[in-house]
Amino acid sequence: MRYTAVLDWIKEKTRRVKEQECSSNEETGRRVTISPGNSELFIFDGESFDYLKQPGQDLRSNQIVEELVLKNVCISTKGSRWLRDLLVNKTDLLALHLCDTTIVNMTETMTMAEEKTDWSAENCKPTLQAIDLARGLEENETLQRLHLKSNQLGNLGPIGLMLSKNRFLTELRICHNSIDAEAAISFCQGLQDNKTLEVIDLTGNGMKDEAVELLCQGLVLNSSVRSLCLDFNNFTKRGVAAISHMLSQNSILQDLNLFGNHIDEEGGRLLACALTTTKCRLSTLHLSFNDLGDFGATYIAKALTVNTSLKKLWIAANQFGNQGFMAFAEHLPNFHGLQQLNIGDCFGNEAAFIMLQSMRSNFELQVLYMESILYDDERTEYLINFYIQLNRAGRKLLCHQPNFPAGLWANVLARTSTNAKPE
């Protein structure tokens, strides 16, 4: 009787959640979100959601459901297989998000209910999860974006191997899970065979050196990935060396995020070497909140006098002082193509003045963000902004058109914005 009572209680909770979601479907249109909030447990088993498997059907509006979001729910093993069948049979689903979602053993969950145990996902023991998801994705022919965040998925190897067979996924975000060396082997193989994936976000997966090395081996032979995010992982300079080698061999990757990885001076040197190679085609590099120090920052600054592809660099909060800042200021006139620079703290009026002098000879930088807390020379700051504004207006054209009418500059500048914080 207690088992039946608990089951009825869960079904009632589920019914109320579905009613709430039905009212929101009219507003979200093609996006269906199932999220009961943090205070309630919702066991998702796919029951009563079979309408999502019917092409072109939505519960209220009869619109095509293109995006499904499951957030803060516990997915039973039955629900896991339901998702697999959905991916196999659904003909118009373009995006699937599983956020703060755990796949659990239903029997153990019932026991927890009877014992009045806390319902948090952390107390639900995961079972076989990634296999069902991967099998569905291997046969799916519509899904373009998959986002897995904080799922306790266990071994993610099946997801990596799935990439070898899937020909439609373009964006894969696996965040705040866990990718060890064993799973990375599968990702290495999958990336070598995959021809469609363009965006990979592996933020906060605790990836160590060996896992990063295997990932990079796959990317060396990959011909489609253009954006890679490895923010907040756990690799050392050995992992940075693997990333640098990959950059020197890969001419496809354009955006690289390495935010918050404790990359030190040696890591800065390795990345700088990669930036000077002919195959490296990075246009965006995020290095903020690492440990480059003065020498690491200097290595990067010198590399930009050779590199011609990088347009956007974030290097703030890297434990460098006046020496590192001055390295960027002094090399700025010789940069080739950099348009946006977030350098962080400016250490005094003298450093700001050197930056101003360099800005007079740099015609391409259009956004420069530096903290003004440590300097108070308003005129210097005004003139730096003025030269940034000139660059945004196309000052580089003046070099090729010496007879440009000076009187037109007022009209040109009026249409440009002043220096602002980068996006």
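**Rings and helices in a predicted chain**

Modeller: Ring pairs link Phe232, Phe259 and Phe289 into a cluster. Rings of Phe, Tyr and Trp (its six-membered ring) pair if their centres lie within 6.5 Å; planes under 30 degrees apart are stacked, over 60 edge-to-face, and the rest tilted. This is a predicted model, with local features needing pLDDT of at least 70 and side-chain atom pairs counting only at pLDDT 80 or more, while totals for chains, interfaces and linings use all residues. Residues are numbered from 1 along each chain as its sequence is written, and side-chain values use heavy atoms, leaving out hydrogens and water.

Biologist: How many aromatic pairs does a search of the whole structure find?

Modeller: The search finds 4 aromatic pairs. One of them joins Phe328 and Phe335, edge-to-face, at 6.3 Å centre to centre with 85° between the planes.

Biologist: Is Phe328 buried or exposed?

Modeller: Phe328 has 1% relative accessibility, so it counts as buried. Buried means under 20% relative accessible area, exposed over 50%, and partly exposed in between (1.4 Å probe, protein chains only). Phe335, at 7%, is buried as well.

Biologist: And why is the pair of Phe386 and Tyr387 edge-to-face?

Modeller: Because the planes of Phe386 and Tyr387 are at 70°, with the ring centres 5.6 Å apart. Phe386 is partly exposed at 30% relative accessible area, whereas Tyr387 is buried at 13%.

Biologist: What lies over the face of Trp314?

Modeller: Lys312 does, at 4.8 Å from the ring centre. For a charge to sit over a ring, NZ of Lys or CZ of Arg must be within 6 Å of the ring centre and within 35 degrees of the ring normal.

Biologist: Change of topic. How many helices and strands does the chain have?

Modeller: There are 15 helices and 15 strands. They are DSSP runs, numbered from the N terminus: helices are H or I with at least four residues, strands are E with at least two.

Biologist: How do the axes of α7 and α8 cross?

Modeller: At roughly 5°, with the axes of α7 (residues 209–220) and α8 (residues 237–249) coming within 8 Å. The axes are lines fitted to C-alpha atoms, for helices over the stretch in contact, and angles run from 0 to 180 degrees between N-to-C directions. That makes α7 roughly parallel to α8, a label for angles under 35 degrees; over 145 is roughly antiparallel, 65 to 115 roughly perpendicular, and the rest oblique.

Biologist: Which residues of α7 and α8 make the contact?

Modeller: Among them are Val212, Cys216 and Leu219 of α7 and Ala242, Ile243 and Met246 of α8. Contact means heavy atoms within 4.5 Å.
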